[in-house]
Amino acid sequence: MNQLAETNATLDFYTDFSKIKENVKSIEIKLNTLNYLIGKKDLDAAVKELWDNDKRVFNILDILIATRKEQNKKYLDDTGKPHLIHELLGSYEGVIKFLKGTGISEVLQNKEIKNLVDYVFGVEAGLDTHARKNRSGDITELLLHRILTTNGIEHRMEVYSHEFPELQRALGADEKRFDFMIQTKRCSYLIEVNFYNGGGSKPNEVARAYRELSPIINKVIGFEFVWVTDGQGWNSAKSKLEEAYKEIDRMYNFESLGDFLKEVKSEL
């Protein structure tokens, strides 16, 4: 427990700028067209000009309030009835209602935004923080990939159980994807890796699942199950971690992983 890492985040974890740039690029022309509205005192007339010229430029307006059409976000009208935000963008009247109701109209008229492309870049950076939970798993896998590569250990990523008939027979109808596989002269190590910054039910569920999975794999000749897990989130699930540690033969955190790597190298 004293070895549990505080974080698995590298500097590139916090913001995925390549994704942000692609998101902005995909709507950049429309944003530049909407820049025409900045500073217009008669905003209604300016919107009408753009609407008559090409009403399609308004279908991205929802990104200005950090929402996307596919998210199906709703708002309540004056009677308390819910409506989809993006439905407003299908009419001139709706666009005016959106701009004034959200407060974007004042922001545009008062030139509080200088360029909508730059503004949306910032919005996308903010929205990207919601993707960190998903990136946490990817970064942990990348960390192990780097460690294995640095140690000269050849490995595969994303290996499926159906590739090995004897293994699939043992697992039954359930197909399993393993994060890594290391092939040595002695056996094939099937590895799962994860990191928990916080508590909740997920660590408990995973611990139970791997306690069940480990003996099934280990009974198949030529295969061994390995679980690499870490993170302060285990402090709230210490008993489940202890149970798993007693029952899973090969269980490591990133501090103790070196012992496993030495063993693997001796078998290559």
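Q: Why is Glu-242 called partly exposed?
A: Its relative accessibility is 43%. Buried means under 20% relative accessible area, exposed means over 50%, and partly exposed lies in between (1.4 Å probe, protein chains only). So 43% makes Glu-242 partly exposed. The model is predicted: local features need pLDDT of at least 70 and side-chain atom pairs 80 or more, while totals for chains, interfaces and linings use all residues. Residues are numbered from 1 along each chain as its sequence is written, and side-chain values use heavy atoms, with hydrogens and water left out.

Q: What makes Lys-246 exposed?
A: Its relative accessible area is 63%. That is over the 50% cut-off, so Lys-246 counts as exposed.

Q: How do you know that Glu-242 and Lys-246 form a salt bridge?
A: Their side chains meet at 3.5 Å, N to O. A salt bridge needs a side-chain nitrogen of Lys or Arg within 4 Å of a carboxyl oxygen of Asp or Glu. The pair therefore qualifies. Both residues sit in helix 10, four residues apart, which means about one helical turn between them. Helices are DSSP runs (H or I, at least four residues) and strands are E runs of at least two, numbered from the N terminus.

Q: What makes Arg-186 and Glu-224 a link between separate parts of the chain?
A: Their side chains form a salt bridge at 2.6 Å, N to O. Arg-186 lies in the loop between strand 4 and strand 5, and Glu-224 in strand 6, so the bridge ties parts 38 residues apart in sequence. Arg-186 is partly exposed at 43%. Glu-224, at 17%, is buried.

Q: Which other Arg meets Glu-224 in a salt bridge?
A: Arg-250 does, at 2.6 Å, N to O. Arg-250 is in the loop between helix 10 and strand 7, 26 residues from Glu-224. At 10%, Arg-250 counts as buried. Arg-186, Glu-224, Arg-250, Glu-263 and Glu-267 are linked in a salt-bridge network. The whole structure has 15 salt bridges.

Q: Why is helix 3 called oblique to helix 4?
A: The two pack at about 135°, with axes 10 Å apart. Under 35 degrees is roughly parallel, over 145 roughly antiparallel, 65 to 115 roughly perpendicular, and the rest oblique. The angle therefore makes helix 3 oblique to helix 4. Leu-43 and Trp-51 of helix 3 are among the contact residues, as are Tyr-92 and Leu-99 of helix 4. Contact means heavy atoms within 4.5 Å. Seven contact residues are nonpolar, none polar and three charged.

How values were computed: Axes are lines fitted to C-alpha atoms, for helices over the stretch in contact, and angles run from 0 to 180 degrees between N-to-C directions. Ala, Val, Leu, Ile, Met, Phe, Trp, Tyr, Cys and Pro count as nonpolar, Asp, Glu, Lys and Arg as charged, and the others, Gly among them, as polar.
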